[in-house]
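Colleague: Please take one part of this model and go through it closely. I would like to follow the helix packing and the core around it.

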Amino acid sequence: MSKPIPQHQLNTDSGVHSGATQPMHRVLQAMRKVPEITVYFWIIKLLSTAMGESTTDYLVYQINPYVAVALACLGLAVALILQLSVRRYVTWIYWLAVVMVAVFGTMVADVMHVVLGIPYLVSTACFASALAIIFVAWYVSEKTLSIHTIYSGRRELFYWATVLATFALGTAAGDMTASTLRLGYFPSFVLFAVLFALPALAYWLFGLNEIFAFWFAYIVTRPLGASFADWLGKPYLGGLGLSDAKVAMVLTILIIGFVGYLIVTHKDMKGEQQ
């Protein structure tokens, strides 16, 4: 009959196993391609959505719209190639990709309405359907939609397809509430601010699924930021008329400032803060 294993040996073996898993966890953490979800993440995300709106509106009216779309597409391609080629999360590369998605996604939604004449209600429904399809395909393939497990490869491609779809959907939804439903820009901003806060409150108070809460809030940041930028820059629908160029410039400076702060402090990287 075998002898029982001494308790001190069990403790030692357990410690070895625990010690072995910790380095693996750190390796996986280092391989992630997205930042930690902190207040800085949401601030820069909102700034990028607003900047994408004002920049797009400025470019398409100041230069040939087809040239503007081509430039945005080229910028997006370069940014995504950089993002997909690095082996880990790099602050400035990640946020460059987000900004270019913001600009290009806004242009896609605007082209469907302005050039093709598709109503905002229809384009909103189309982009919502596209986003749902991406989510379903992502979950069927990877069995999770968690942002905490975004590594290089197929999962990262699903992530960026989702991000692009959320920007296009948010643009169409924001324009639909402000223009089609005639709420104006500031009431639209208030509406989406409330919708943005709801999943956070539901998560803290009622334990709403964190993945659902994250993606709901992420989607809403697009029309929230865009409505704010339009309210500042546009002279109609209740806007202040400060001009898209000035709004885009200020927002760009703010984004650069916050990204620079994260590069120095590493507050967007777990375990590497200074």
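This is a predicted model: local features need pLDDT of at least 70, side-chain atom pairs count only at pLDDT 80 or more; totals for chains, interfaces and linings use all residues.

Modeller: Start with helix α3, residues 65-85, and helix α4, residues 91-114. Their axes come within 8 Å. They cross at roughly 150°. Angles over 145 degrees count as roughly antiparallel, and α3 and α4 are therefore roughly antiparallel to each other. The crossing of the two is left-handed.

Now the residues that meet. On the α3 side they include Ala68, Val69, Ala72, Cys73 and Gly75. Leu76, Ala79, Leu80, Leu82 and Gln83 also belong to the α3 side. From α4 come, among others, Trp92, Ile93, Tyr94, Leu96 and Ala97. Met100, Val101, Val103, Phe104, Met107 and Val111 are also on the α4 side. By type, the contact of α3 with α4 holds 19 nonpolar residues, 2 polar ones and no charged ones.

Next, the core. The largest nonpolar core has 58 residues. Tyr94, Trp95, Trp138, Tyr159, Trp160, Trp215 and Tyr218 have the most contacts inside it. The elements giving two or more residues to this core are α2, α3, α4, α5, α6, α8 and α9. Helix α4 supplies the largest share, 13 residues.

Look at Tyr218 next. Leaving aside neighbours within four places in sequence, Tyr218 is in contact with Phe41, Trp42, Lys45, Tyr159, Val163, Thr166 and Phe167.

Thr162 lies in helix α6. Which residues does Thr162 contact, leaving aside neighbours within four places in sequence? They are Leu131, Ile134, Phe135, Trp138 and Trp215. Thr162 has a relative accessible area of 0%, so it is buried.

Finally, two backbone points. Most residues other than glycine have a negative phi. Lys143 has a positive phi, near 65°. Lys143 is in the loop between α5 (120-142) and α6 (154-180). Its relative accessible area is 57%, so Lys143 is exposed. His266 also is not a glycine, and its phi is positive, about 60°. His266 is in the segment after α9 (244-265). With 21% relative accessibility, His266 counts as partly exposed.

Key:
Residues are numbered from 1 along each chain as its sequence is written. Side-chain values use heavy atoms; hydrogens and water are left out. Axes are lines fitted to C-alpha atoms, for helices over the stretch in contact, and angles run from 0 to 180 degrees between N-to-C directions. Helices (H or I, at least four residues) and strands (E, at least two) are DSSP runs, numbered from the N terminus. Angles under 35 degrees count as roughly parallel, over 145 as roughly antiparallel, 65 to 115 as roughly perpendicular and the rest as oblique. A crossing is left-handed if the near helix is turned anticlockwise from the far one by less than a right angle, and right-handed if clockwise. Contact means heavy atoms within 4.5 Å. Ala, Val, Leu, Ile, Met, Phe, Trp, Tyr, Cys and Pro count as nonpolar, Asp, Glu, Lys and Arg as charged, and the others, Gly among them, as polar. Buried means under 20% relative accessible area, exposed over 50%, partly exposed in between (1.4 Å probe, protein chains only). A nonpolar core is a set of buried Ala, Val, Leu, Ile, Met, Phe, Trp, Tyr and Cys residues joined through side-chain atoms within 4.5 Å.
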